[in-house]
Amino acid sequence: MTSPEQPLHVGRPNMGSRERFHELVDGMFDRAWFTNNGPLVQEFEQRIAEHHQVDHCVVMCNGTIALEIAIRALGLTGEVIVPSYTFIATAHALSWQGITPVFADIDPTTHNLDPAAVEAAITPRTTGIIGVHLWGRPADVTGLTEVAERHDLRLLFDAAHAFGVSIGETMIGNFGDAEVFSFHATKFFNSFEGGAIVTNDAELADKARLMRNFGFAGFDDVVHPGTNGKMVEVCAAMGIVNLEAIDEVIDRNRRNHESYARALAGVPGVELLPVGGDGQRNYQYVVVTVAPDAGASRDEIVAALQANGVLARRYFWPGCHNMAPYKALYPWAGSRLPVTEQVADQVVVLPTGTAVTDPDIDHIADVIRRVVTGARSAS
Ligand code: T4K
């Protein structure tokens with residue numbers, strides 16, 4: 001149970017067998033091979049490619065660098081259309097490379113990019129689209145692919161939330177030109193820090209591999225500009241161990257999601273976002289929306305939860321376009337992204353994962369119910 005010393009976090013890391021991790025790390029010490037495409041990194045890549053039924057996987061030190069390298073390998077320049085309702089890394093990965101992120105609005109029910117809004121944002125400078133599978137709910141892949149094809153644009157997916165997810169029978173990793181995962185500690189599947197580009201395009205994968213390692217093609221043969229995006233062996237060991245435990249974690253997340261649905265049923269104005277769609281889901285995020293007429297505001301609910309030892313989060317408030325680096329670029333944006341602004345004002349993300357128990361969920365629902373019904377009876 002939660003206490004002031006032991007709050008409940010959104011993003012508490014899940015962890016497979018420690019014994020197995022130590023075994024893999026012992027092997028790493030015996031080999032004295034710590035980084036630079038070591039055997040654990042190669043095994044991790046192969047296992048991810050198998051898990052996601054995709055031809056190529058290039059793992060990186062984190063998801064942001066993987067996005068940056070994918071953007072560069074795809075040759076994106078000028079303007080790229082992205083949602084504003086995403087983690088800031090999606091936009092930063094572009095602006096860091098001198099590319100302008102152009103923010104398009106989202107669909108109010110899926111929280112993912114609206115293809116019509118994307119199409120309306122295209123200019124002669126547009127070279128690509130980055131769709132985000134937010135909360136592990138697949139983006140409108142069909143709609144975005146049609147827009148990309150119609151306008152001859154590259155299509156990349158930020159799949160940071162979508163490890164283990166499929167659309168029907170097809171695993172994430174097989175859509176657009178490439179997709180990018182994050183294995184950050186707070187993700188349901190982690191390698192401490194880490195990320196990967198997955199793609200069925202061999203040439204793109206080769207380019208990303210070169211860019212990840214300064215463009216080296218041999219001991220002293222640099223054939224391409226590059227950076228240092230390499231994953232270290234100890235992170236690959238963690239990734240392998242967690243991949244071996246992934247079914248248990250997903251099962252636990254699924255059960256937590258069901259418990260939240262039960263515990264929050266009937267709280268007026270408070271709705272649990274369904275995981276949605278047809279295919280595999282990872283249940284990584286428990287997302288609740290607070291309607292304007294709920295009685296209590298989203299921020300009052302978050303404050304009450306935090307006061308009761310639950311570090312609920314307002315992801316991804318206030319939207320990238322309202323954050324300092326982009327606000328100056330887009331003084332008009334507030335009036336043009338009405339759905340983003342509305343959703344960003346309504347969402348609360350609640351703790352899940354193996355650290356969260358049914359009594360924790362009952363406690364969280366109880367706090368929410370008390371705030372909402374208390375505010376209603378006072379008004
Ligand atoms: N694209 C999208 C759509 C993303 O969501 C992300 C990352 C990326 C791209 C970029 O991928 P990476 O470059 O990160 O691989 C966290 C994560 O740092 C970030 O990875 C993630 N998205 C984002 C949604 O969440 P913060 O700023 O919320 O993290 P922080 O430090 O507040 O931690 C969250 C909670 O987890 C806290 O209550 C503490 C707890 N925690 C955290 C860590 C690191 C632990 O209990 N143990 C830990 O080891 O960004």
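What follows is a short chat about pockets, cavities and packed helices.

Q: What kind of model is it, and what pLDDT do local features need?
A: It is a predicted model, where local features need pLDDT of at least 70, side-chain atom pairs count only at pLDDT 80 or more, and totals for chains, interfaces and linings use all residues. Residues are numbered from 1 along each chain as its sequence is written, and side-chain values use heavy atoms, with hydrogens and water left out.

Q: OK, what volume does the largest pocket have?
A: About 390 Å³. A pocket here is an open set of points on a 1 Å grid over the protein atoms alone, with protein on both sides within 12 Å along at least five of seven lines. A volume is the space filled by probe spheres set on the points, which are joined across faces, edges and corners.

Q: How does the lining of the largest pocket split by class?
A: There are 10 nonpolar, 10 polar and three charged residues. Ala, Val, Leu, Ile, Met, Phe, Trp, Tyr, Cys and Pro count as nonpolar, Asp, Glu, Lys and Arg as charged, and the others, Gly among them, as polar.

Q: What about the second largest pocket, which residues line it?
A: Its volume is about 310 Å³. Among the lining residues are Trp-33, Asn-36, Arg-209, Phe-216, Phe-219 and Lys-230. By class, that lining has five nonpolar, four polar and three charged residues.

Q: How many cavities of 30 Å³ or more are there?
A: Four. A cavity is a set of points where a 1.4 Å probe fits but cannot get out. The largest cavity has a volume of about 110 Å³. It is lined by 13 residues, with Gly-11, Thr-186, Phe-188, Gln-284 and Thr-352 nearest its centre. The lining of the largest cavity divides into four nonpolar, seven polar and two charged residues.

Q: Switching to helices, at what angle do α3 and α7 pack?
A: About 125°, with the axes of α3 (residues 63-73) and α7 (residues 202-212) 9 Å apart. Axes are lines fitted to C-alpha atoms, for helices over the stretch in contact, and angles run from 0 to 180 degrees between N-to-C directions.

Q: Why call α3 and α7 oblique?
A: The angle puts them in that class, so α3 and α7 are oblique to each other. Angles under 35 degrees count as roughly parallel, over 145 as roughly antiparallel, 65 to 115 as roughly perpendicular and the rest as oblique.

Q: Which residues make the contact between α3 and α7?
A: Ile-69, Arg-72 and Ala-73 of α3, and Leu-204, Lys-207, Ala-208, Met-211 and Arg-212 of α7. Contact means heavy atoms within 4.5 Å. By class, that is five nonpolar, no polar and three charged residues.

Q: And where do α1 and α2 meet?
A: Arg-20, Leu-24, Met-28 and Arg-31 in α1 meet Pro-39, Leu-40 and Arg-47 in α2. The two helices pack at about 135°, with their axes 10 Å apart.

Notes. Helix = DSSP H or I, 4+ residues; strand = E, 2+ residues; numbered from the N terminus.
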